[in-house]
Amino acid sequence: MIDSKLSTPMNVATSKLSYDDFREIILKDYEAAVQSRYVSLLGRKEVLTGKAKFGIFGDGKEIAQIALSKVFEDGDWRSGYYRDQTWAFVSGISTVYNFFSQLYAHPSLDADISSGGRQMVAHFSTALTDENGAWKNQTIQKNSFSDISTTGGQMSRTLGLGLASKLYRNNKDLEYLKYFSNKGNEVVFCTVGNASTSEGVFWETINAAGVKQIPAVISVWDDGYGISVPNDIQTTKSDISEVLRGFQRDNNAYGFEIFKVKGWDYAGLCETYEMAAKISREKHIPCLVHVTELTQPQGHSSSGSHERYKSEERLLWEQEFDCNVKMRQWIISSGIAVEAELKEIESTAKDLVRAEQKRAWTDYRKLLQSELDEAIHYLSKLENEIVELPLNILKSTTEPSLKEIYSTVRQVLRDLRFENSAEKDELYTWYLEKQKLNQERYNSKLFTENSFSPLEVEVVEPIYSTDSPILDGREVLNACFEANFKNDERLVAFGEDVGKIGDVNQGFAGLQEKFGEIRIFDTGIRESAIIGKGIGLAVRGLRPIAEIQYLDYLIYALPVLSDDLASLSYRTKGQQKAPVIIRTRGHRLEGIWHSGSPMTVLLGALRGLHICVPRNMTQAAGMYNTLLRGDDPAVVVECLNGYRLKEKMPSNVGEFTVPIGIAEVIREGADITVVSYGSTLRLVQEAAMELDKIGISIEIVDVQCLQPFDRTQVCLASLSKTNRILVVDEDMPGGASAFILQQILEQQNGYYHLDSKPRTLSAKPHRPPYGSDGDYFTKPSVDDIIEAVYEIMNDVNPQQFPKYLV
């Protein structure tokens, strides 16, 4: 471990810079630090005066971030968190104006260039796509992955961002992708707070980065606390770099290069980052920079005061060792500048920050005032005493919000529900137009909304001939993967047991031998890291298939999937995308573990991912073919008991496509619609044969995808024919089956076609016990399906279908 104890600048005599150039750099850096500090101080005031909801700032970390910015080159990547404002300003990915616009939640990408008002302040990102959704050239800009607030959540995607550089350097077939890499020379700079190193995702990432030798420089900003909890409670030995000593590389093994440097030591920080970036960039060795003795002058955030938990002694120390104070002292003591010069710099910086804050607030108010004026204009036309009070309230509003404006308009429209007038119609028309605007502001871009959407992929039917071989389903899937890997050098696949043995169910059997370990490889048991690896690779132009061995294990990666991947397009307003496919398997394995079907969890947590639930491997292959031609992320849940079931091999196995979000009638019937998906469909099909003998004809609909759901309303068409519906699912009661029913009855207006009470049939509210008997009494069985259908028909015609159970 390299422990920097420098406290004086490099020898100017040996520098290539002239003294004047050197002095100019120092003073410019000090100006940047002062400017960023004023942003923090003023930002907190804006929150406390009520102009903004919440504030979290980077005060106390200014000098370290300035040093980091000096080695951050075009093409490099940042995966950071909400303390990095100084780096953002110095690197040019954000400005003071942009910062305050985000603080006020300005719903425009021109003002809040990172999120268009969707993320709270200090969450930075750069645009990776143009207005048409095409990738920008990442090698000619400084790239910042969109920040998330999740503690330590920025760690996992660091793996993929760095691994991409390694693949671009070592795989010559990727040299044509010049928009994404300059021969793999890019470094990913990850920043994380000291308290976040207690998170499991930190340790997963550190371990995986050491194994794969990821070109990453991970900075730990250590100010001694995690909100009110000090390091001696957070970390063994109260020192993360001491704990990580075992990761230090040596002559016998790969590992990390670990640096330790004080956060107020300008020269030491510059030298440390120069060394770390050089090692990582040239040798693809991961580095950890532990930046100690940082301060947090305003406490954790605008929601509390650090005086409540810091001792008087600690507070006095923080004043003395404030990085800006120490740099100021060093500049004067070294003769680089005198007091008067620094005061002028400080005054100029303060004026600039105040001016840019006012400009941001003025522009935000202009937007609000414009819509307020329009609302008042249309409301004033209504000659009705009901309108007088809300209109006067709006007129007297000094600091309006969109919420106040549109809530007032909606109230007036409700109050005038019995009135008919041209003026009311005019108000309503204006309101509807503004709703379109507000939908774009606040509700758009959850998925790709352009030609790169997988929903736009052309449907190509599978081709069969009389001599098409009948094989195990796994062989169809294997052939699909092989064809795609041959056709697209960007594809990579990884996960537990994916490489050497070709995954536990042989979908990738033999493919590592054909395409090499650089494209198909094994990982350790670290689900968060696997998903993070996929996210980072996808953002850098590759097409990863990240495997989570069983559906139950997806839960271990849920924070990364939910907080990062699922919200990426939405929180950047479509400026970033990560088309990673998560491949997993579930349904029907017997036992408490590996047998769950937590579709409710996926539906609730993964809005922003397509959730595909193919009934067999041919359908799965078609979905993979579709998804690989689009730019949205997705989860594909393969049927765990379907790999050895026989299926016909299409002759165009790598080309045919299954449309995403299109349900399919797989059996025609007249009496009742039964809706299901995945492995449960086979049980429904078996039940159908028994029901035929009883005289009940069921129509079976395979939804195929839960997100998006039945875009062409196949379920509604079936229900309008049978007028009765049963939803069968392995999830727990009130889970995916309830979601499906809500979509059909409410969203598709299927309620109007019902002649009988709609029913759901799901698993018991616990995981299945081990063994076939436990499975039979826990999950829907053929008998359960038959009896549920029979009960519905008993209500319809008790004479023909009398009750036979008490």
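Val492 stands opposite Pro544 in strand E13. The pairing concerned is that of strand E11 (residues 491–495) with strand E13 (residues 543–547), which run in the parallel sense over 5 bridges. Strands here are DSSP runs of E of at least two residues and helices are runs of H or I of at least four residues, numbered from the N terminus; two strands are taken to pair if DSSP finds at least two bridges between them. The model is predicted, so that local features need pLDDT of at least 70 and side-chain atom pairs count only at pLDDT 80 or more, whereas totals for chains, interfaces and linings use all residues. Residues are numbered from 1 along each chain as its sequence is written, and side-chain values use heavy atoms, with hydrogens and water left out.

E11 and E13 belong to an open sheet of 7 strands with mixed pairing, in the order E12-E11-E13-E14-E16-E15-E21. Strand E12 (520–522) and strand E21 (705–707) are the edge strands, each pairing on one side only. From one strand to the next the twist averages 20°. Helix H16 (residues 473–487) packs on the sheet and touches E11, E12, E13, strand E14 (581–586) and strand E16 (634–639); contact means heavy atoms within 4.5 Å. The direction of H16 makes about 135° with that of E11. Helix H22 (residues 617–627) lies across E13, E14, strand E15 (610–612), E16 and E21, and runs at about 165° to E16. Axes are lines fitted to C-alpha atoms, for helices over the stretch in contact, and angles run from 0 to 180 degrees between N-to-C directions.

Ser165 is located in helix H5 (residues 154–170). This residue is buried, with a relative accessible area of 1%; buried means under 20%, exposed over 50% and partly exposed in between, with a 1.4 Å probe and protein chains only. Residues up to four places away in sequence not counted, Ser165 touches Gly184, Glu186, Pro215, His284 and Arg540. The side chains of Ser165 and Arg540 are joined by a polar contact of 2.7 Å, that is, a pair of N or O atoms within 3.5 Å, of which, within protein, one must be able to donate a hydrogen and the other to accept it, residues adjacent in sequence counting only if both atoms are side-chain atoms. A polar atom of the Ser165 side chain also lies 2.9 Å from the backbone oxygen of Glu186.
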